[in-house]
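Please open the structure in your viewer and keep the selection tool at hand. The stops below are meant to be taken in order, each with something to select and something to look for.

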There are 2 protein chains.
Amino acid sequence: MSVGKLEECRQQIRAQLDAVVEFWLKYSHDTVHGGFFTCIGREGNVYDELKYVWLQGRQVWMYCRLYRSMDRFRRPDILAAAKAGGEFLRKFARVSTNGNQWKCAFCLTRDGKAVKVQRTIFSECFYIMAMDELSRVTGDKEMEMMEQLIYWVREDASGLGRPQLPGDVPTNSMAVPMMLLCLVQQLSDGRPETGGKYSELGSWCVSEIQQHVQRDGTAILENVSATGAELPGCLGRLQNPGHALEAGWFLLRYAADNDNKEIQRTAIEKFVELPFESGWDKAHGGLFYFLDVDGHCPTQLEWSMKLWWPHSEALVAFLMAYSQTKNPELLENFFRVYEYTFSHFPDSESGEWFGYLTQEGKVALDFKGGPFKGFFHVPRCLYMCESLLDDLLGKHG
Amino acid sequence: MSVGKLEECRQQIRAQLDAVVEFWLKYSHDTVHGGFFTCIGREGNVYDELKYVWLQGRQVWMYCRLYRSMDRFRRPDILAAAKAGGEFLRKFARVSTNGNQWKCAFCLTRDGKAVKVQRTIFSECFYIMAMDELSRVTGDKEMEMMEQLIYWVREDASGLGRPQLPGDVPTNSMAVPMMLLCLVQQLSDGRPETGGKYSELGSWCVSEIQQHVQRDGTAILENVSATGAELPGCLGRLQNPGHALEAGWFLLRYAADNDNKEIQRTAIEKFVELPFESGWDKAHGGLFYFLDVDGHCPTQLEWSMKLWWPHSEALVAFLMAYSQTKNPELLENFFRVYEYTFSHFPDSESGEWFGYLTQEGKVALDFKGGPFKGFFHVPRCLYMCESLLDDLLGKHG
């Protein structure tokens, strides 16, 4: 282990985290209506006032997590911002759609009127994640939505509003068990009783995620059938390397919590090493956004672009895998991702990170926040990497 | 007018049209279940068997139009393929969603089972377009769906299945009146009685399209309010130059049919010249896919890519505008688009056109057909340009 290099990383990561937190504290707060602007231009300007609920929830969660777990962020302004965001969500995010059904909106006007509702579970997931983390700093508790979510995923999805169609076969899309596992870990953290209550759900999520190991263990596929078989066509062949790497560290965390070496091995070999090997662009560096396992051209127009979040997930995945195993190859790959990430994504002029590069690494979209980029992947990655490096370098205690 | 250059264009366009028709006749027909494969790889391979209804309808329409209007395509194999496609649509495209409501699916499995239904009107539009053109070669008639469509657009959209949300203000999205105007022109062509029936609808569409002229006549915006005012945020500032150019030639055709010089002038100045001026990439050539009228970075990841269809629409728009006015500047711009298009999109190795280039003009996705690229924009452009050039060069009669 190269202590000097790790210490250098730790310092850069720590400085970046400070700067990114300041960026969002400075530019994203709506002091009139509450909640956060998430469409933030390169220099901090708000270019759209819509409030995306995923990103509202994620920002509340991230502020609270930083407040709760890092001394230098235990600041009243951060707590106040998190509370105001939570209040905005509580007041406006939930909408009634089909009579007596409640859903969370996907986006809201600046003053909280629902603009769009998606027929998926993710707005609700980020709402729960936010409210749980907030409750850990405020002491409130409000979790009725989790049961609704479990019902949609495991019993009956018709409440999501999609018509049942004969050609739309039940699919295990990796995002769903990943998201639920994330919530199980969130809700159970430090609460043995809740952990017990959701332990069966957690292992179900892990087994659903593992169904995505396909082709005799040589590939992670993003969508499989409800029974874990490969699906036909583009949907079945789709790979999302960054998402697989994210699943990798979710599984690593699960393996550590449950002292399960078998899951740890699967996480590293299948969900970290494989997607990195197939997803890394040998010509230009960086992780592709989408690939087709048979080498066809993906139909997603952005398939070859380099997005910030797959790189954030890869950093966490490799550093966590190294922490757990001390296998030097994992650290080498961490450094490889680190070099690419820190030389391409941070904006040295105006702060924060660019989110979207061309395949060749040129900035393609220069905003710092948009409908899908908020205060989440960057600070979560920096916070987690800083904590992992602190442990590795013996900075705690 | 440079006759030699126009004659050269005409020959290239004619040869391209022949080759493109042969490509789809050879690779896209499903002789087992009927209908057309639309996910066709670079060399003609089917890489996904899903059947996208927009593209099924468009292919039926295009085959029939070629059969009906160009002598060399009045071939039994083309007619048979169109009929088989129509039969597949008639059997499988319509699905029942909310009890007694009928919608057209967005995509179907190879054997016709519905996979997805969109909450928009476009599948139905292409269904109607296909069936009308087919009826003109077969003599059948079946148009009840048009009345449903008009009801959704002008009376009550709730049948489309979107929940009514307080922040989702009624919007005039340019695609809707464009699509309806296209259908009015389709259904009325050569049928004075139908033309009379839909004449008020046609002029309503024209007036709705003209509402998109904004900023004191200096810009076409893709979405405006129901009363023709600018909308806030990214949605309101969005520009889609290729779509504006397409609207341009829809209006030019309407102006010619109705001998209306005022609409002709608006079409050329506002819907052809303006979007070309603002949408053309001065650095690399080609038309941007999306722009923000205030110069913010669009949030669409593909905003700077060069897509085949805006260039197809621009060719038709400039050539039609030139035909109607004989203004040499319009012809110059036709040649400018022509040079870029024919040097970048056609695949000289495997035939047909690439659909998606990077901003710099490199092929980014190499398939010939996909969920949104079928047998439509390329052959429609080639067929229309060939006809316009025939007229200009006195090849008819």
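This is a predicted model: local features need pLDDT of at least 70, side-chain atom pairs count only at pLDDT 80 or more; totals for chains, interfaces and linings use all residues.

Residues are numbered from 1 along each chain as its sequence is written, chains are lettered from A and ligands numbered from 1 in the order in which they are written, and side-chain values use heavy atoms, with hydrogens and water left out.

**Stop 1: the interface**

Select chain A and chain B together: the contact (heavy atoms within 4.5 Å) takes 37 residues from chain A and 37 residues from chain B. The two chains bury about 3,000 Å² between them, 63% of it on carbon and sulfur atoms; buried area here is the accessible area, with a 1.4 Å probe, that two parts lose on being put together, summed over both. Highlight A:Tyr47, A:Leu165 and A:Leu301, which supply 20% of the area that chain A buries against chain B, more than any other three residues.

Next, show B:Glu360 and A:Lys362, which form a salt bridge with their closest N and O atoms 2.7 Å apart. The rule (a side-chain nitrogen of Lys or Arg within 4 Å of a carboxyl oxygen of Asp or Glu) finds two salt bridges across this interface.

**Stop 2: aromatic rings**

Select A:Trp308 and A:Tyr356, whose rings belong to the 60 aromatic pairs counted over all chains. Rings of Phe, Tyr and Trp (its six-membered ring) pair if their centres lie within 6.5 Å, and planes under 30 degrees apart count as stacked, over 60 as edge-to-face and the rest as tilted. In this pair the centres are 5.4 Å apart and the planes stand at 70 degrees, so the arrangement is edge-to-face. The pair links distant parts of the chain, with A:Trp308 in helix H12 (residues 308-325) and A:Tyr356 in strand S15 (residues 356-357), 48 residues apart; helices (H or I, at least four residues) and strands (E, at least two) are DSSP runs, numbered from the N terminus.

Are these two residues buried or exposed? A:Trp308 is buried at 2% relative accessibility, and A:Tyr356 is buried at 5%, where buried means under 20% relative accessible area, exposed over 50% and partly exposed in between (1.4 Å probe, protein chains only).

**Stop 3: A:Lys373**

A:Lys373 lies in the loop between S16 and helix H14 (377-392) of chain A, and is buried, with a relative accessible area of 0%. A polar atom of its side chain lies 3.0 Å from the backbone oxygen of A:Trp353.

**Stop 4: B:Gln211**

Move to chain B and select B:Gln211, in the loop between helix H8 (199-210) and strand S9 (213-214). Its side chain makes a polar contact with the side chain of B:Asn172 (3.0 Å); such a contact is a pair of N or O atoms within 3.5 Å, of which, within protein, one must be able to donate a hydrogen and the other to accept it, while residues adjacent in sequence count only if both atoms are side-chain atoms. Finally, display the C-alpha atoms of B:Gln211 and B:Met174, which are 37 residues apart along the chain and separated by 8.9 Å.
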